[in-house]
2 protein chains.
Amino acid sequence: MSSQGYTVAVVGATGAVGQQMMRYLAKREFPVKELRPLASARSAGQKVIFHGEEVVIQEAVPTAFDGVDIALFSAGGSVSEKLAPEAVARGAVVIDNTNAYRMNPDVPLVVPEVNREAIRQHKGIIANPNCSTIQMVVALKPLYDRYGIERVIVSTYQSVSGAGWQAIDELQQQSKALLNGEEISANILPVGKLSKHYQMAFNVIPQIDVAQENGFTLEEMKMVRETKKIFNDSSIGVTATCVRVPVMRGHSESVYVELKSEFDLDEVRQLLNNAPGVIVEDAIEEQVYPMPVDAADRPEVFVGRIRRDFTHPRALNLWVVSDNLLKGAATNAIQIAEALISEEK
Amino acid sequence: MSSQGYTVAVVGATGAVGQQMMRYLAKREFPVKELRPLASARSAGQKVIFHGEEVVIQEAVPTAFDGVDIALFSAGGSVSEKLAPEAVARGAVVIDNTNAYRMNPDVPLVVPEVNREAIRQHKGIIANPNCSTIQMVVALKPLYDRYGIERVIVSTYQSVSGAGWQAIDELQQQSKALLNGEEISANILPVGKLSKHYQMAFNVIPQIDVAQENGFTLEEMKMVRETKKIFNDSSIGVTATCVRVPVMRGHSESVYVELKSEFDLDEVRQLLNNAPGVIVEDAIEEQVYPMPVDAADRPEVFVGRIRRDFTHPRALNLWVVSDNLLKGAATNAIQIAEALISEEK
């Protein structure tokens, strides 16, 4: 890699997350010598604007990674499975935002605020966790360090942007149709590739990603497994119920946390206040708490509704909100890239 | 009361719940000799249709209860506080859908599927529990009877209709405005009488009703206190996080239940299947689970996503959905009235 900057590929450059990655690379003034936006053959030839200049999207093929230093992948698991090894073979470090490598023992799964040091173990690929996991572990980190965590029970309120542009469009189209008293069509949610699709507008759907044999969904099991891996602590119990709500952008989570030792609630607030990447918005008596419309387009994790649980002596409840396209995806990936280049210095 | 039928007053006849009460009285063929719709002076003179005939709304004043056998109240706590004693003094039995009397030790708090026998203790007033409590206790009842319940942790996804017609209208107006790229106004949610109002369209708001000193909201504490009272068991621990979502009608709940003894998951499904008022919709592998748009205008409580909790040996998770205007309010009130008259026979 060069001291004048890095050649950075963004795979999935036309996607909701890919676009935020490029925006965020520019915003954070990441030292980009050359931006290489990559996408499917269908999108090749289209242009993106980066630092005020047009850059042509190229087709994501193995040779497109020649000379790439850092490749940010966010084009689906199958694209990562096929092309990430090609990028690594050409000398790139891959930061992968899909589920393809997250649980691979050779691949660090990194949220810089929690386990930045794991980056050093990479063998070419570093995985970006699932959006719903990232915001939760950022909020849990200061509690884990101070008290230890026995277990977590989380119910999510996830926006449709996690399912891409098409899902955002579908929610808008359905909302318009219903408000005009017209018939709706449903083709994307809850899971594009499955056979049944349901109304998302003015509805909630208790399924994100495919079913697993144990009755949980893959999204729910991602939260379980990734949390253990990121904290490098398989003793943490996690139970998740993942639900899609008719919100464009921003995931919310109702989080019950059982700690290993007793705690003082003021100290918990203080710890969260001081935690990197966390903003506490917690004053229910003044109607202050995080909401997804306020968190949209902001890179932090917002925590509110902090309160003692009266059914267990070592438990508390939190309300955690973050922009799933930023900290849940693009921001975290760029932060990994920043940590990576700072390690090299 | 007469064998030819009962004189039934509906207080709050223009409201979202009051209208469902009248509709449901007709649908269930409740033996109504005379329907007396009552409302504020502003609405007096308007007409409602009952069994195909127009009935004029009268002003809800004390003398309007002369000759009334059963008075269904759903016009806000202050109206109930003022007029329920007047109705009782005139010989009516009041079934009150507000928060005014729910925790009063002289007032039974009744969900017929759970504690029908409590009706016998009434001294003129019977309280209808809060919508979010009703659907949860109906689902918990067979588990309580078979295994005992140690504690419950619930996160809700509540529709705006719980806040009345104005909240439904506000959600529709805001949704239209946002889809047209226009400015929105917010005047109702989360709590009409509080000073701050927030966007509901394409957002979630982690506040329902006013804040309490312990950091929970009143809605959350209603779920805690009412559950204990309905089961007549103060040992049940309940923790609630109540959240408003941009859904017109139907509340959803992610419910974690810790039982007192070990359980078999197939038996749990069987118990729920056989429970009165419960419909099990539980096959995640076939994308079968309850959703609010499917539950709307149906009187049952729908339960799905039934699965063992892997973080505790005696815990399971449920997804519980019901129409907050029906089982959460009108249906339950009419069921209480039905139980009441059947006790008298």
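Here is a short chat about a sheet in chain B and an annotated pair in chain A.

Mentor: Before we start, this is a predicted model, where local features need pLDDT of at least 70, side-chain atom pairs count only at pLDDT 80 or more, and totals for chains, interfaces and linings use all residues. Residues are numbered from 1 along each chain as its sequence is written, chains are lettered from A and ligands numbered from 1 in the order written, and side-chain values use heavy atoms, leaving out hydrogens and water.

Trainee: Which residues does the UniProt annotation "binding site" cover in chain A?

Mentor: The entry is unreviewed, and such annotations may be inferred rather than shown by experiment, with positions given in the numbering used here and feature names shortened.

Trainee: What is the largest C-alpha distance between them?

Mentor: They are spread over 87 residues of sequence, yet they cluster in space. The largest C-alpha distance is 4.7 Å.

Trainee: Is A:R244 buried or exposed?

Mentor: Buried means under 20% relative accessible area, exposed over 50%, partly exposed in between (1.4 Å probe, protein chains only). The relative accessible area of A:R244 is 6%, so this residue is buried.

Trainee: Which backbone oxygen does the side chain of A:R244 reach?

Mentor: Look 2.7 Å from that side chain. The backbone oxygen there belongs to A:S159.

Trainee: Over in chain B, what is the strand order of the open sheet?

Mentor: Strands here are DSSP E runs of at least two residues, numbered from the N terminus, and two of them pair if DSSP finds at least two bridges between them. Six strands with mixed pairing give the order β10-β9-β11-β14-β13-β12.

How values were computed: Helices (H or I, at least four residues) and strands (E, at least two) are DSSP runs, numbered from the N terminus. A polar contact is a pair of N or O atoms within 3.5 Å; within protein, one must be able to donate a hydrogen and the other to accept it, and residues adjacent in sequence count only if both atoms are side-chain atoms.
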